[in-house]
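I opened this notebook to record what I looked up, one element at a time. The entries follow the order in which I went through the model.

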Amino acid sequence: MSNPYRSLLANPGAKSFVAAGFIGRLPESMLSLSIVFFITGLYGSFALAGALTAAYALASAFISPFGARLVDRYGQGRLVLILVSGQLAALVGFVVAANANSAEIWLFVLLVVAGALGPHIGSLVRSRWAFLLRDRSRKLPSAFALEAVVDELVFILGPPLATYISLQISGWAGLAVCVLAIGIGATWLTLQRGTKPDPIPKPKGGPKHHMFSPALVVVVVVLIMVGGVFGAFEVTTVSFTEGGGEEGAAGLILALYALGSLIAGLSLGRFHPPVSSAGAVQLFAVAMGLVVIPLPFVQAIPVLAVAAFVAGLAVAPVLIATLTLVAEIVAAGRLTEALTIAMSGIAVGFAFGSWGSGVVVDTLSPSWGYVVVTACGVAAAAATGAGHWALRTSARPTLADTPDADAAMARLDLKQS
C-alpha cells in the first residue's frame, strides 16, 4: 500500500509550507505556559497569570477571525506579515511593560492586541492544502490528518520546551522564543508564493456567500465541546496526580493522551472510513463521547495512564473530520476565516472547560473533574445527533459558487499554465 503522506509531501512546495507551519504554530503550545512562568516570577500571582492567558486566548478566538477574513480577501502574501508584525510588537511591548512594573491594565491591553492580530498558522496551512488539492479533494482528509499529527507534535514538544527555557534561562526567555518562532514561521510561509491560495475579493454587487450554514454552526458547537474536553482533562489530571502524590506523572499522562491522538491521526490518514465527511464527524464525535465515559471511575494513576491513551485515540479523528467538512461546505473565498472560527471554538471550549473543572475540583474532589470531561465529550456526540439533518444535507460549494468566480477561475487557469 502506498504511503499517502509521502505522496502529499511530493507536491511542489508542500514540505516547505508544512515545515514553516510547524515552526509558526509551535508557540501555540508554549505561549500560555510562558506567560504563566513570566508573570508568576515577576508578580507572584497565579490569578493574574491565568487572567492574562485567558485574555489572550479569548481575543484570539473572537477577534482574529476578522483578520482571517481579510486574508481570504486580499491574500496571504499581503496581510499575514502585517498582522504578525502587530502581534509581535504587542508581545514585545508586553514583556517590556511587565519588566517595567507597568499598570496591569496595560498588560491586558497588549495581550488582547497580540491575540486579536495573531493569524492562526494552522488555518493558513490547511487553506494551502485545500488550494493545492482542489482537483484531488479525496486526498484532503489525508492532508488534514498530516496537519493533525503536526498539531500533536507541537503539543508534545512545546510545553516541556517552554518549561525548560523559562526556568533554566529566564522568565522572559520562553516568550522570546515564541516571538522568534512566530516571526520565522510566518515569514517563511508568506514567502512561499507558489502554494498560496488566490485571494477572492469582495464582490461589488450580486449575491453574497453566507458562511454560517447550519452545518458550520454544528461543527463549531462540536469543537467547543471538544475544547472543553481538552481543558477539563488537563486541569483535572494535574489535580488528580497531585492528590495521589505523583505530581510528575501529570506530564506523562498528558503526553500519552497526545500520543494516542498522534497514532490515530497517522492511521486515519492511511485508512479512510467508508463514510462521508459528515458521517465521519458523527462517527468520531460519538467515539469521543464513549472513550471518556470511564474517566470519572478511575482511582489509580497507572489506570489513568491507560485510560488517557485510549481517550486520546478519539481526538485527532474528530479534528480531521470536522475541519475536512468545513473545507467542503465553505466557499473558497472564506475558507481561512471559517477554519479560524472552527479552531477558535476549541479555544473557547478550552477556557470554559479549564474554569469549570477547576471549580469542580476545588469544590468536590479531583475525580469529579473528569465528570466535566465526560459531560463535554457526550455533549459533542449529542450535538452531532441534534444537528444530523444539517450535517447530512450540507452541500459543497465549488469555486464557481464563490463571489467573483470568473476572475478567480481565470487566476487559477493562469497559475496552472
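**Helix α11 and its surroundings**

I began with the packing of α11 and found that its buried residues pack against α1 (4-9), α8, α10 (214-243), α12 (277-291), α13 (301-312) and α14 (315-329). The model is a predicted one, in which local features need pLDDT of at least 70 and side-chain atom pairs count only at pLDDT 80 or more, while totals for chains, interfaces and linings use all residues. Residues are numbered from 1 along each chain as its sequence is written, and side-chain values use heavy atoms, with hydrogens and water left out.

I list the buried residues of α11 here: Ala249, Ala250, Ile253, Tyr257, Ala258, Gly260, Ser261, Leu262, Ala264, Gly265, Leu268 and Gly269. For burial I used relative accessible area, with buried under 20%, exposed over 50% and partly exposed in between (1.4 Å probe, protein chains only). A contact here means heavy atoms within 4.5 Å.

I then checked the span of α11 (residues 249-270), whose 22 residues reach 32 Å from first C-alpha to last, close to the 32 Å expected at 1.5 Å a residue. The expected span is 1.5 Å times one less than the number of residues. For α10 I noted 30 residues and a reach of 43 Å between its first and last C-alpha, close to the 44 Å expected at 1.5 Å a residue. Just after α10, Gly245 takes a positive phi of about 75°.

**The chain as a whole**

I recorded 18 helices and 0 strands in the protein chain, where helices (H or I, at least four residues) and strands (E, at least two) are DSSP runs numbered from the N terminus. Buried residues make up 53% of its 417 residues. Among contacts between residues at least 6 apart in sequence, 84% join residues at least 24 apart.

**Two helix pairs**

I looked up α3 (residues 31-43) with α5 (residues 76-99), which pack at an angle of about 15° with their axes 10 Å apart. That makes α3 roughly parallel to α5, as angles under 35 degrees count as roughly parallel, over 145 as roughly antiparallel, 65 to 115 as roughly perpendicular and the rest as oblique. Axes are lines fitted to C-alpha atoms, for helices over the stretch in contact, and angles run from 0 to 180 degrees between N-to-C directions.

Leu31, Ile35, Phe38, Ile39, Leu42 and Tyr43 in α3 meet Leu91, Phe94, Val95, Ala98 and Asn99 in α5. By class, this contact of α3 with α5 holds 10 nonpolar, 1 polar and no charged residues; Ala, Val, Leu, Ile, Met, Phe, Trp, Tyr, Cys and Pro count as nonpolar, Asp, Glu, Lys and Arg as charged, and the others, Gly among them, as polar.

For α2 (residues 14-25) and α8 (residues 140-168) I noted a packing angle of about 35° and axes 10 Å apart. From α2, Val18, Phe22 and Arg25 meet Leu146, Glu147, Val150, Asp151, Leu153, Val154 and Leu157 of α8. The residues of this contact of α2 with α8 divide into 7 nonpolar, no polar and 3 charged.

**Two single residues**

I placed Thr53 in helix α4 (residues 46-74), where Thr53 is buried at a relative accessible area of 12%. Not counting residues up to four places away in sequence, Thr53 touches Ser32, Ile35 and Val36.

Leu161, found in α8, is partly exposed, with a relative accessible area of 33%. Leu161 touches Leu26 and Met30, again not counting residues up to four places away in sequence. Leu161 and Ser29 are 132 residues apart in sequence and 9.5 Å apart in space, C-alpha to C-alpha.
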